[in-house]
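The sequence and the structure are shown first.

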Amino acid sequence: MSERSALRVRLEQLAREFVKFGAVGGVGLLVDLGVFNLVRHLTDIPVVRASIIATVVAIGFNYLGFRYFTYRDRDKSRRTKELTLFLLFSLVGLVIQSGVLYAATYGFGWDSPLQSNFFKFLGIGIATLFRFWSYRTWVFRALPAREAVQTAESFLGQRRPQPDKVRG
């Protein structure tokens, strides 16, 4: 395989991964904004706390989507470590997006429902860039090539042909 076609294959894989990540993230975004607006309009909880509650709900949803859809082919042998790292990086993302909303609300006084949703959405966008990098790099790690082939073969129910034994 030439260097050019190897690069093309790698870019196609990255594009597919990004689309899957975006699909899960898109539904997670709807969950996050939906819960945020419900909490904001049905309770007297302050805006940033309402955002944190919504984000925690979305984080739970997103973990399931990433593990069983986006990164289902990745290493599953270290689930405790995976979940710990996922929660750690999700917490950093939560701080990023809450920081944007906090600055807009308490720093600039932009607290109307439209402004709150805009800055929550902006914070989610910034945090998503961080999450995409951290999840694919540290949380849902790729299997080594040999293990990936064995996993794919066992999933497909195929066996590798065994070399014939030499008889003497």
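Arginine 67 is part of helix H2 in this predicted model. Its relative accessibility is 0%, and arginine 67 therefore counts as buried. A polar contact of 2.4 Å links the side chain of arginine 67 to the side chain of glutamate 82. Apart from neighbours within four places in sequence, the residues in contact with arginine 67 are Arg72, Arg74, Asp75, Lys76, Arg79, Glu82 and Phe140.

Phe140 also belongs to the largest nonpolar core, which has 14 residues; Phe21, Phe66, Tyr71, Phe86, Tyr135, Val139 and Phe140 have the most contacts inside it. At least two residues of this core come from each of helix H1 (3-42), helix H2 (47-70), helix H3 (79-107) and helix H4 (113-139). H3 supplies the largest share, 4 residues. Within this core, tyrosine 135 is among the residues with the most contacts; leaving aside neighbours within four places in sequence, tyrosine 135 touches Phe21, Phe66, Phe86, Phe89, Ser90 and Phe140. A second, separate core has 10 residues, including Phe36, Val47, Val100 and Phe119.

The second largest pocket holds about 350 Å³ of space. Its lining consists of 22 residues, and those nearest the pocket centre are Gly25, Leu29, Ile124, Thr128 and Arg131. H1, H2, H3 and H4 are the elements that each give two or more residues to this lining, and the largest share, 8 residues, comes from H1. The lining is divided by class below.

| Class of lining residue, second largest pocket | Number |
|---|---|
| Nonpolar | 10 residues |
| Polar | 10 residues |

Methods. Residues numbered from 1 in each chain as written. Predicted model: local features only at pLDDT ≥ 70, side-chain atom pairs only at ≥ 80, totals over all residues. Heavy atoms only, no water. Core = buried A, V, L, I, M, F, W, Y, C linked by side-chain atoms within 4.5 Å. Buried < 20%, exposed > 50% of the residue type's maximum accessible area, 1.4 Å probe, protein only. Contact = heavy atoms within 4.5 Å. Polar contact = N/O pair within 3.5 Å; in protein donor to acceptor, adjacent residues only side chain to side chain. 1 Å grid on protein atoms, 1.4 Å probe; cavity = no way out; pocket = protein on both sides within 12 Å on 5 of 7 lines; lining within 4 Å. Points joined across faces, edges and corners; volume = space filled by probe spheres on them. Nonpolar A, V, L, I, M, F, W, Y, C, P; charged D, E, K, R; others polar.
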